[in-house]
Amino acid sequence: NSFCTLLKPEPLHTSSTMPFGALLKEAGKVADKVSGKVDELTGKKKTRAGGCRDGTGHAISEAEFAEQTAKVIKGDVRMFSGCKDSQTSADVSNVASFGLPQVHGAEKAGGACTNALLSTLQNQRELISYGDLLIEMQRTLKQRRYTQVPQLSSSRKVDLKAEKFTVMNPNPSGRTRAVLIGINYYGQKGELSGCVNDVRQMKNFLVSQGFRDTPDCMQILTDDKSLQNAAPTAGNIIAALQWLPKDAQP
């Protein structure tokens with residue numbers, strides 16, 4: 001199952017003419033509501049010191065915290081984000097500067113985090129741990145004078161040293177699914193240039209790992225009309241995320 005299917009859907013009030021800044025503000029409101037709902041349902045929260053406490057402030061074990069969290073978030077979700085909450089993710093003017101293949105599009109840009117991830121993985125001869133991958137991504141960006149610091153979040157405890165990063169199930173059933181979303185906000189204030197290329201790059205990477213590029217296995221949403229894919233509207237994004245875990249099996 002997926003995190004997004006477990007909570008009551010929160011409406012995202014948008015329009016085709018909404019300014020970029022207003023869209024981000026609206027999305028932030030929805031994220032705050034969802035985060036608050038998780039805290040409400042679990043009745044627990046992590047302390048800054050790393051311990052777990054219940055709603056009254058009493059300490060509880062990590063096992064209890066994990067058990068309660070699993071009841072709310074059924075899926076094992078791992079998320080790489082481009083930077084800290086207090087930072088902004090940057091674009092790379094040309095993905096070739098990270099040693100990646102040229103993209104087949106008018107723009108040559110890409111997201112710095114995506115490029116750091118893919119360039120790190122292509123230089124590995126064997127699987128790399130989640131912790132080492134994150135460190136290498138951060139080092140790659142720092143060497144190129146990017147100030148953003150990629151982050152890793154998960155719905156389950158991850159052994160960063162021992163667990164290897166892979167996009168494939170260790171015991172694959174033969175089925176794969178992926179949703180790729182890239183929005184450059186063409187013609188709007190704050191227009192971006194690397195998001196659609198990130199989708200192209202990630203699609204190529206997933207296919208190289210065994211994912212199938214067919215409509216029943218991969219959905220792509222971008223605002224680049226030349227790609228002839230579905231538009232990344234709020235409704236289409238929600239529908240794609242609901243499709244992603246549908247009929248999933250352990």
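Hi everyone, let's start with the second largest pocket, which is lined by 23 residues, with Arg200, Gln201, Lys203, Asn204 and Phe205 lying nearest its centre. Please keep in mind that this is a predicted model.

The volume of this second largest pocket comes out at about 450 Å³. What is the lining made of, by class? The lining of the second largest pocket divides into 11 nonpolar, 9 polar and 3 charged residues.

Now, which elements build it? Helix H3, residues 112-122, helix H5, residues 195-208, and strand S9, residues 218-222, each give at least two residues to the lining of the second largest pocket. H5 supplies the largest share of that lining, with 7 residues.

The axes of H3 and H5 are 11 Å apart, and the two helices pack at an angle of about 25°. Angles under 35 degrees count as roughly parallel, and H3 and H5 are therefore roughly parallel to each other. The crossing of H3 past H5 is left-handed.

If you'd like to find the contact on screen, look on H3 for Thr114, Asn115, Leu117, Leu118 and Leu121, which meet Asp198, Gln201, Met202 and Phe205 of H5. Sorted by class, the contact of H3 with H5 holds 5 nonpolar, 3 polar and 1 charged residues.

H3 has another partner, helix H4, residues 130-143: their axes come within 9 Å and cross at roughly 120°. That angle makes H3 oblique to H4. Here H3 passes H4 in a right-handed crossing.

Which residues make this contact? From H3 come Ala112, Cys113, Ala116, Leu117, Ser119, Thr120 and Leu121, and from H4 come Leu133, Glu136, Met137, Thr140 and Leu141. By class, the contact of H3 with H4 divides into 8 nonpolar, 3 polar and 1 charged residues.

Definitions and conventions: Residues numbered from 1 in each chain as written. Predicted model: local features only at pLDDT ≥ 70, side-chain atom pairs only at ≥ 80, totals over all residues. Heavy atoms only, no water. 1 Å grid on protein atoms, 1.4 Å probe; cavity = no way out; pocket = protein on both sides within 12 Å on 5 of 7 lines; lining within 4 Å. Points joined across faces, edges and corners; volume = space filled by probe spheres on them. Helix = DSSP H or I, 4+ residues; strand = E, 2+ residues; numbered from the N terminus. Nonpolar A, V, L, I, M, F, W, Y, C, P; charged D, E, K, R; others polar. Axes fitted to C-alpha atoms, helices over the stretch in contact; angles between N-to-C directions. Parallel < 35°, antiparallel > 145°, perpendicular 65-115°, else oblique. Left-handed = near helix turned anticlockwise from the far one by under 90°. Contact = heavy atoms within 4.5 Å.
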